[in-house]
Amino acid sequence: MIGDIVETKQCQLKDPMDLFHSGQVVKICAPMVRYSKLAFRTLVRKYSCDLCYTPMIVAADFVRSTKARDSEFTTNKGDHPLIVQFAAKEAQVLCDAARIVCPFADGIDLNCGCPQRWAMAEGYGACLINKPELIQDMVRHVRNQIENPRFSVSIKIRIHGDLKRTVDLCRKAEATGVSWITVHGRSVEERHQPVHYDAIKIIKQSMSIPIVANGDIKTLKDAENVHHLTGADGIMVARGLLANPAMFAGYEETPLKCIQDWVDIALEHGTPFTCFHHHLMYMMERITSKQEKKVFNVLSSTSAVLDYLNDHYGV
């Protein structure tokens with residue numbers, strides 16, 4: 001990790017806030033556990049993705065353990081603009097984590113949206129939307145202690161049943177200096193229910209900082225529709241990009257060129273086999289038959305996967 005990171009210091013970091021003021025909708029790769037790592041970020045950046053997030057990292061572990069830092073956070077000089085997403089519940093711990101990544105990233109994001117039981121039980125993620133003062137405290141600490149004024153501090157939230165509470169939370173966060181807010185348009189209890197884009201629109205109309213819309217965006221057309229429905233300044237995509245990393249470049253399904261690019265990038269980065277294979281399973285979901293999936297999904301080595309791609313797709 002450190003070898004990769006040292007190069008980064010030399011490069012000119014791009015400012016994510018400039019993206020939001022460019023007049024274009026900002027196209028964003030979501031924080032995805034296990035998936036939005038350096039190799040995948042490198043791939044989506046080749047296909048018109050403007051801004052990438054790391055997977056969520058538990059700030060306390062990151063601050064305490066060198067091993068956690070080395071395994072959770074890898075970057076290089078092409079990996080910008082980059083937002084590191086943290087799970088945290090204590091202001092100083094978030095600050096310490098932000099200070100560590102500040103020379104190598106363009107901002108941090110506080111996860112206030114993860115609905116998983118373990119995160120909520122630990123006081124992380126979506127339970128924070130019921131603690132606006134704690135969010136304010138954490139944002140204020142980072143703002144006061146990070147000297148770089150261009151380093152962004154954002155939050156990612158879910159919505160309350162009573163939207164007035166969400167608007168109040170967002171206003172409080174804005175008053176404390178949050179750079180932008182990503183809104184996943186579902187409540188903590190909702191999983192596969194339709195996304196409340198109307199709620200994101202109301203939040204957008206109530207704020208003067210950029211708002212990013214998130215939830216159920218699978219194609220570039222979806223992204224354009226959600227932008228028109230909500231007025232959001234950015235569109236964040238998770239599963240849609242896993243299924244088609246070239247989505248933001250306007251491809252309806254993963255082109256073979258993108259699969260070839262993934263193979264090249266993953267091998268260059270030494271991506272572990274399971275991760276390498278899982279990404280391909282997602283990317284090829286729409287372009288393979290049931291029979292092909294049965295064969296491809298049980299391949300158990302990089303060489304077997306490479307042989308399969310070569311024989312069937314000329315990749």
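I worked from a predicted model, where local features need pLDDT of at least 70, side-chain atom pairs count only at pLDDT 80 or more, and totals for chains, interfaces and linings use all residues. Residues are numbered from 1 along each chain as its sequence is written, and side-chain values use heavy atoms, with hydrogens and water left out.

**Largest pocket.** I looked up pockets on a 1 Å grid over the protein atoms alone; a pocket is an open set of points with protein on both sides within 12 Å along at least five of seven lines, and lining residues have an atom within 4 Å of a point. The largest pocket has a volume of about 990 Å³. Of its 31 lining residues, Pro31, Arg158, His184, Ala238 and Arg239 are the closest to the centre. H12 gives the most to this lining, three residues. By class I noted 14 nonpolar, nine polar and eight charged residues.

I checked the UniProt record next. Its unreviewed entry has a "binding site" annotation on Pro31, Met32, Val33, Gln85, His184, Ala238 and Arg239. The lining of the largest pocket takes in Pro31, Met32, Val33, Gln85, His184, Ala238 and Arg239 from this set. I keep in mind that such annotations may be inferred rather than shown by experiment.

**His184.** I found His184 in strand S7 (residues 181-184). His184 counts as buried because its relative accessibility is 10%, and buried means under 20% (1.4 Å probe, protein chains only). Beyond neighbours within four places in sequence, His184 is in contact (heavy atoms within 4.5 Å) with Lys156, Ile157, Arg158, Ile159, Asn214 and Gly215.

**Ala238.** Ala238 sits in the loop between strand S9 (234-237) and helix H12 (239-243). At 24% relative accessibility, Ala238 counts as partly exposed, the class between 20% and 50%. Not counting residues up to four places away in sequence, Ala238 touches Ala30 and Met32.

**Second largest pocket.** I read about 430 Å³ of space here. Of the 22 lining residues, the closest to the centre are Lys37, Leu38, Thr271, Pro272 and Cys275. Domain 1 (16-249) and domain 2 (256-313) each supply at least three lining residues.

**Cavity.** How many cavities of 30 Å³ or more does a search of the whole structure find? I got one. A cavity is a set of points where a 1.4 Å probe fits but cannot get out. The largest cavity has a volume of about 50 Å³. Met281, Met284, Glu285, Thr288, Lys293, Phe296 and Asn297 line the largest cavity.

Notes
Helix = DSSP H or I, 4+ residues; strand = E, 2+ residues; numbered from the N terminus. Points joined across faces, edges and corners; volume = space filled by probe spheres on them. Nonpolar A, V, L, I, M, F, W, Y, C, P; charged D, E, K, R; others polar. Domains from an automatic or database assignment.
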